[in-house]
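Biologist: I would like to learn how to read helices in a model. Could you walk me through some of them?

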Amino acid sequence: WAQQNLIEVYQRKGDTDKANKLRQNTIETLTRKANNGNTDAMDELGWLYNDNRNNEQAFYWFSKCAELGHSGCMNGLGRLYMWGEGVPANLGLAEYWLTKAVDAGNEWAVNSLGELYVEGGSYPTALKWFNRALESSNTQLRASAMAGIGYLYKKEGDTRKSVIWWQQAAELGNDWAQSELGFAYLNGNGI
């Protein structure tokens, strides 16, 4: 993850040559480890490829790793099915893999299930999962759950409640909430 952060620093500074060289080095190192059966490397490769919109490769590594029981890969695979990234969207398969990830102890999958149920229109169930994520000691996870609750209220048409949740998440550094909050201010929705 340190390499990923350094890649982002290079990109923000406009040094794409260094960013690309480091990205390639990271991929080569992780691929070597993943090909030797390291499921953590498979998980990191899946997220790396997903972040770079190479969802076919993300699907490959998440699938392989999820079948080996890695909860992070189960979460990643469920998210790919939820959003239709690299595979056709399939909420049933998304629910299957996300539930397996939760059962295997993956905290982030709790939040992912909240997102899934928002997309499926089951708002009370989504809220249950987001509230469970709010119990985490992980600040980023709590902020993501807050942003998700804000999105849920947006889908319900209650923009005032959306703004309240986005404000809390934005203060914790959640970029999705910051963006949504900015649009709310721009358009006068809920403010």
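Modeller: Gladly! Let us begin with what covers one helix: α9 (139–156) and α11 (175–187) are among the elements that cover the buried residues of α10, where contact means heavy atoms within 4.5 Å. Helices here are DSSP runs of H or I with at least four residues, numbered from the N terminus. Please keep in mind that this is a predicted model, where local features need pLDDT of at least 70 and side-chain atom pairs count only at pLDDT 80 or more, while totals for chains, interfaces and linings use all residues. Residues are numbered from 1 along each chain as its sequence is written, and side-chain values use heavy atoms, leaving out hydrogens and water.

Biologist: Which residues of α10 are buried?

Modeller: In α10 the buried residues are Ser 162, Val 163, Trp 166, Ala 169 and Ala 170. They cover an arc of only 130° around the axis, which puts them on the same side of α10; the arc is taken from the directions from the helix axis to the C-beta atoms. Arg 160 and Glu 171, on the other side of α10, are exposed. Buried means under 20% relative accessible area and exposed over 50%, with partly exposed in between (1.4 Å probe, protein chains only).

Biologist: How many residues of α7 are buried?

Modeller: Helix α7 (residues 107–119) is mostly covered, with 10 of its 13 residues buried. Among them are Leu 113, Gly 114 and Tyr 117. The cover over the buried residues of α7 includes α5, α6, α8 and α9.

Biologist: At what angle do α8 and α9 pack?

Modeller: Two packed helices are described by the angle between their axes and the distance between the axes. Axes are lines fitted to C-alpha atoms, for helices over the stretch in contact, and angles run from 0 to 180 degrees between N-to-C directions. For helix α8 (residues 123–134) and α9, the angle is about 160° and the axes are 8 Å apart. The two are therefore roughly antiparallel to each other, a label for angles over 145 degrees; under 35 counts as roughly parallel, 65 to 115 as roughly perpendicular and the rest as oblique. Residues of α8 that meet α9 include Tyr 123, Leu 127 and Phe 130.

Biologist: And how do the axes of α5 and α6 cross?

Modeller: Helix α5 (residues 71–83) and helix α6 (residues 91–103) have axes that come within 8 Å and cross at roughly 160°. Therefore α5 and α6 are roughly antiparallel to each other.
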